Amino acid sequence: MNSNIHIYNTPQDSASALAEFILALAKEKNKHSLPFNIALSGGSTPKLLFTLLSEEYADSIPWHFVRLFWVDERCVPPTHADSNFGMTYESLLKNVPIHDNNIFRMIGEDDPEKEAKRYQNLLETQLPMKNGMPQFDLILLGMGDDGHTASIFPDNLSLLHSESTVEVAVHPLSGQKRITLTGSIINHAEKVVFLITGLTKAPVLYQIIHQKSPFEKYPASYIHSFSNPADFYLDKEAAKEL
Ligand code: 6PG
């Protein structure tokens, strides 16, 4: 896989480097008075980034230009411990000066099929279109130990190529329903960045980056940005086998 790999000593360091990258992009957008449309992932790794952004970037990021969307959501209410929005609210949103009108959550408590359609329509009205498809400025992704990304799991690779931009997915082990962006809109984003830390991710990451079998079965293998490879922000444990 063609990719831009950035390796740091600790998870904290990789999150800091990514926060600096986000700050630079936000300032650039601000300079041209353009909105900055970002899609956020859930899971434990982004939480570290969100906490850092709220503790150290509450004043420096021009939050009034930032518009937040979600890569995926678990089909639970925002008060549920599994809610990606709930985690983001607690670790970031309640601590930074972002306006409610700039927050576009996936409604995990609504009927999943209807919500996937609603969110797809929302993206078409809220994002700039490029070649007939809405385009994010930045998509932040994580990767599971099984090579999944967003809520695209190895047992449902068809979500990578769906004609829809938002679909319902099912977690292969728990059976939990999820709403997820599909590969079509993720790979259409101006910039796609993975933040991946920890030893448990090392073997799969090695296979993906070096295209060693069975990389073909990992959804993360198929991700890139609109005209470039994806960027990987890693700690040295995740990068151990590279
Ligand atoms: C989610 C995700 C998911 C996540 C990876 C990595 O809602 O679960 O958006 O794709 O990014 O599973 O999660 P960790 O950072 O917890 O390993």
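This is a predicted model: local features need pLDDT of at least 70, side-chain atom pairs count only at pLDDT 80 or more; totals for chains, interfaces and linings use all residues.
Q: Is Gln211 buried, partly exposed or exposed?
A: Buried means under 20% relative accessible area and exposed means over 50%, with partly exposed in between. Gln211 has a relative accessible area of 42%, so Gln211 counts as partly exposed.

Q: What is the phi of Gln211?
A: Most residues other than glycine have a negative phi. Gln211 is not a glycine, yet its phi is positive. The value is about 50°.

Q: Which peptide bond is cis, with omega about 5°?
A: Most peptide bonds are trans. The cis bond joins Ser213 and Pro214.

Q: Is Ser33 buried or exposed?
A: Ser33 sits in the loop between helix H1 (11-31) and strand S2 (36-40), and its phi is positive, near 55°. The cut-off for exposed is over 50% relative accessible area. Ser33 has 52% relative accessibility, so Ser33 counts as exposed.

Q: Why does Ser184 count as buried?
A: Ser184 is in helix H5 (residues 183-186). A residue is buried if its relative accessible area is under 20%. Ser184 counts as buried because its relative accessibility is 18%.

Q: Which residue has its backbone oxygen 2.4 Å from a polar side-chain atom of Ser184?
A: A polar contact needs N or O atoms within 3.5 Å. The side chain of Ser184 has a polar atom 2.4 Å from a backbone oxygen, and that oxygen belongs to Ser162.

Q: How much of the ligand's exposed area does the protein bury?
A: Side chains reach oxygen atoms of the ligand: Asp72 at 2.7 Å, Arg74 at 2.8 Å and His148 at 2.7 Å. The ligand alone exposes 420 Å². Of that area, the protein buries 89%.

Q: Which element gives the most residues to the shell around the ligand?
A: The ligand takes up the space of the largest pocket. Two elements give two or more residues to its shell, helix H2 (44-56) and strand S4 (72-74). The one that gives the most, with three residues, is H2.

Q: How many charged residues does the shell around the ligand have?
A: There are 17 residues around the ligand, and among those that come nearest are Asp72 and Lys201. By class, three are nonpolar and ten are polar. The number of charged residues is four.

How values were computed: Residues are numbered from 1 along each chain as its sequence is written. Side-chain values use heavy atoms; hydrogens and water are left out. A residue is near a molecule or strand if one of its heavy atoms lies within 4 Å of it. A polar contact is a pair of N or O atoms within 3.5 Å; within protein, one must be able to donate a hydrogen and the other to accept it, and residues adjacent in sequence count only if both atoms are side-chain atoms. Accessible areas come from the Shrake-Rupley method with a 1.4 Å probe; for residues, only the protein chains shown count as cover. On a 1 Å grid over the protein atoms alone, a cavity is a set of points where a 1.4 Å probe fits but cannot get out, and a pocket is an open set with protein on both sides within 12 Å along at least five of seven lines; lining residues have an atom within 4 Å of a point. A molecule sits in a cavity or pocket if more than half of its atoms lie within 2 Å of its grid points. Helices (H or I, at least four residues) and strands (E, at least two) are DSSP runs, numbered from the N terminus. Ala, Val, Leu, Ile, Met, Phe, Trp, Tyr, Cys and Pro count as nonpolar, Asp, Glu, Lys and Arg as charged, and the others, Gly among them, as polar. Buried means under 20% relative accessible area, exposed over 50%, partly exposed in between (1.4 Å probe, protein chains only).
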